[in-house]
Amino acid sequence: MKINLKALVSGVVLTTVLFSCQKENKTQTTVTDNNAVPAEVINQIQSQGFSTEGVVKVNGGYRVENDIFLSDEALKSPAIGPILRVGDEEQYHTTNLVTGLPRVITISISGLSTVFQNGLDIAVSRYNALGMRLTFQRVASGGNIQIVGADLGGGGVLGQSSGFPTSTGNPASPITLNNRAGAFGSNPNVNWVATVIAHEMGHTIGFRHTDYKNRAYSCGGFKSNEGTAGVGAIWIPGTARNGDPNSWMLACTDGSDRPFNANDVIALNYLYH
Ligand SMILES: [Zn+2]
């Protein structure tokens with residue numbers, strides 16, 4: 001997940017966050033130069049339906065859409081699931097899903113401060129409050145999903161998931177949160193942190209970005225059009241077709257708390273109830 005600098009300018013979040021991110025955004029532009037990524041890899045990323053804008057080479061693979069890690073191996077084995085669509089701007093694009101329901105996914109956190117630990121507890125309780133057959137349980141160490149801290153650089157990147165569930169139906173792990181000083185500001189709101197963690201958890205169980213079709217929707221300055229990779233879309237019954245700007249799976253955060261909205265709940269239940 002990444003901070004939308006434009007939204008921050010409109011004054012949604014702490015000035016300190018705004019300041020540090022604006023300052024470092026120029027660095028990000030240099031790092032994400034697609035020219036450094038081989039054309040073959042760009043094609044693989046596109047064929048899997050991800051945005052080819054701002055692709056970053058990282059150890060063992062590439063980071064796309066700011067917070068999704070695709071290993072070299074994953075790039076070679078395309079796996080595209082159905083698109084669940086709920087509005088003009090929103091679709092819940094899945095790849096593999098976690099299987100073996102009902103199932104308790106254990107999750108631990110290490111190397112991160114108290115606000116992140118508390119944020120995880122809130123994120124877990126948000127999922128568990130839905131009464132799905134997939135639930136989360138925080139454990140002291142290890143677990144199915146490990147949340148770890150690492151320096152993900154400047155430029156507003158807050159966290160990164162290790163992609164999507166495996167072909168054998170297990171959640172992706174780890175989730176890496178940016179522990180660089182100031183990445184989340186000096187005193188982040190715990191509910192915002194919970195939103196970021198819930199977002200990365202969403203990736204681990206198969207959710208792509210809600211504004212997949214038009215990432216400019218939440219990210220502002222980004223180009224739109226992430227393509228559809230030739231796969232169909234399933235409209236989720238009962239949801240409105242107009243825009244809905246508050247999904248927890250939007251690609252960029254404006255710094256606000258985004259608990260599951262009505263469409264999010266429908267999509268989660270559609271997959272895991
Ligand atoms: Zn994301």
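Me: How many helices and strands are in the chain?
Reply: There are eight helices and 13 strands, where helices (H or I, at least four residues) and strands (E, at least two) are DSSP runs numbered from the N terminus. This is a predicted model, in which local features need pLDDT of at least 70 and side-chain atom pairs count only at pLDDT 80 or more, while totals for chains, interfaces and linings use all residues. Residues are numbered from 1 along each chain as its sequence is written.

Me: And where is Ile 68 placed?
Reply: Ile 68 lies in strand β4, which covers residues 68–71.

Me: Is Ile 68 buried or exposed?
Reply: Ile 68 is buried because 23 other C-beta atoms lie within 10 Å; a residue counts as buried at 20 or more such atoms within 10 Å of its own C-beta, as exposed at 12 or fewer, and as partly exposed in between, with C-beta atoms placed from the backbone.

Me: Which residues does Ile 68 touch, leaving out those up to four places away in sequence?
Reply: Ile 68 touches Arg 63, Ser 161, Gly 163 and His 203, contact being C-beta atoms, placed from the backbone, within 7 Å.

Me: Switching to helix α6, how many of its residues are buried?
Reply: In α6, 13 of the 15 residues are buried, so the helix is mostly covered.

Me: What follows α6?
Reply: Gly 206 follows α6, and its phi is positive, near 115°.

Me: What share of the chain is buried?
Reply: Buried residues make up 45% of the 273 residues in the chain.

How values were computed: Contact = placed C-beta atoms within 7 Å.
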